Amino acid sequence: PSFGIYSEIVSTFARKKLFGYTSQVLAAFGVTFLAYLVWLHHFFTMGAGSDVNAFFGISTMFIALPVGVQIINWVATMYKGKLLLATPMYWFMGFLATFTFGGMAGVLMASPAADYQLHNTLFLVAHFHTMIIGGALFGIFAGMTYWFPKVTGFKLNEKWGKRAFWFWLVGFFLSFTPLYILGFMGAVRRLDHYTDPAWQSLFITAGIGVCIIGIGALMQVIQLIVSYKERKQNLDLTGDPWNGRTLEWSTSSPPPAYNFAVVPTVTERDAWWTVKQGRGSPSSRASTKIEGDPQPIYQDIQMAANTSLGIYLSGFVFLLGFAAVWHIIWLMILGLIGAIVCIIIRSLDEETEYIIPAEEVERMERGKY
C-alpha cells in the first residue's frame, strides 16, 4: 500500500505521469509473488540444509529486482519534473534514502553465509526498522499529509510538518546506523545489559537518535494542534489543494457522502489531470463545474446506512481472541455470544439503506460553487 501512496505522491508533485506505469504494476505483482518465496530466510540458521537455504537465499536476493524497478521509476518520474517540495514529497524522498539503504543490507543478509554471522544481532534489528519505518511508516505519514485536506477540509501546517520530517529522518539514521555497526561487532538483540566498553558510545548515540525521533513525533502532534487552530486560514475551498491528478480531487473537501453525483467515465490514467487540461469527457467532469460542459442529469442515489454494530462486533471478537490466547474461558464465552448477537441484530435490521433524492443531490452539487 505504501508503494501505491508514493506513486500517487511523486506523480502529483513532479507534475508528470508516473514513469513506466506498466512496469510499475508488473513490479508490484512481482514483489507480491516473490514475497511468498522468501519467508524461510528467517530460518537460515535452523539447519534446513544447503539446498533449501540456497533457494530461499536466491529468491530473497531476486525480490530486490522488482523493488529496484519501482525505485528507478519514481526517480525517473522526478527527472525534469516541476517538483513541488511539499511535506508529502519530503516523506517520499526520506523513504527513498532509508529504504534503499535498508534494502542493500537486506540483500547482504539474503546470503545464508552472511546471515549465519548476523542473525539475531542488532544488524538485523537495524535492517528491519530501516525497511518498516522508511517503507511503511513514512508512507503512512506521507499519505496522511497528502489526503488530510480531502478528509477534513483543511490542510496540515507545512512548517511543522517539514520540521517533524527532518527530526524523524536525522533521528532515524542516528538511531539505527550505530546498530548496524554493533551488529558487526557481535552485539545480539534483546540485551538487558552489556559489558563491552567499546559498545558504549554507539549505544549512547543510538539513544540520542531515539530522543530526536521523539521530538519529531511531538512536532507531529503540535502540527495537528496548530493546523486545527488555523483551520479557517487553511481551508481547502477548491477540493484540489495539491493540483492532483486522480478523480478524488474533483470532489469537494470533504467529499459528499455519495462521492460522485454522476459516476465519471474514465478513458485514461490520471483522469482528473486530463480534465483540467481540457481533454476529459463531459461525464468525467460531472462533479466539477467547467464552462462549456452540458448540465449533468442527476438521479436518486442509494446509500448504505451507517451502523455502529461493526465497532461492537470487533470489540467482542477482540475479547474472544484475547481470552483464547490466555485461556480465560468465561471471557471467551462472553466474546463469542456478544459477536453472535451483533451479527443477528444486523441480519434482522431492515433499515440498511437510504435514498438521496435527485433534487437533494442537485442542490448539494450547486451548493459547491
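In which sense, left-handed or right-handed, do helix 2 and helix 4 cross? The crossing is left-handed, where left-handed means that the near helix is turned anticlockwise from the far one by less than a right angle, and right-handed that it is turned clockwise. The structure is a predicted model, in which local features need pLDDT of at least 70 and side-chain atom pairs count only at pLDDT 80 or more, while totals for chains, interfaces and linings use all residues. Residues are numbered from 1 along each chain as its sequence is written, and side-chain values use heavy atoms, with hydrogens and water left out.

Helices are DSSP runs (H or I, at least four residues) numbered from the N terminus. Helix 2 and helix 4 pack at an angle of about 150°, their axes 8 Å apart; axes are lines fitted to C-alpha atoms over the stretch in contact, and angles run from 0 to 180 degrees between N-to-C directions. Helix 2 is therefore roughly antiparallel to helix 4, a term for angles over 145 degrees. The contact (heavy atoms within 4.5 Å) involves S23, Q24, A27, A28, G30, V31 and L34 of helix 2, together with P66, V67, V69, Q70, N73 and W74 of helix 4. By class, eight of these residues are nonpolar, five polar and none charged; Ala, Val, Leu, Ile, Met, Phe, Trp, Tyr, Cys and Pro count as nonpolar, Asp, Glu, Lys and Arg as charged, and the others, Gly among them, as polar.

Helix 5 and helix 7 also cross in a left-handed manner, at roughly 160° and with axes coming within 8 Å. This pair is therefore roughly antiparallel. Its contact has 15 nonpolar, 11 polar and no charged residues.

Leaving aside neighbours within four places in sequence, W74 is in contact with residues including F3, Y6, L18, F92 and F95.

Most residues other than glycine have a negative phi, and most peptide bonds are trans. S253 and P254 are joined by a cis peptide bond, with omega about -10°; P254 lies in the loop between helix 9 and helix 10. In that loop, N259 has a positive phi near 65°.

Note on methods
Helix = DSSP H or I, 4+ residues; strand = E, 2+ residues; numbered from the N terminus. Parallel < 35°, antiparallel > 145°, perpendicular 65-115°, else oblique.
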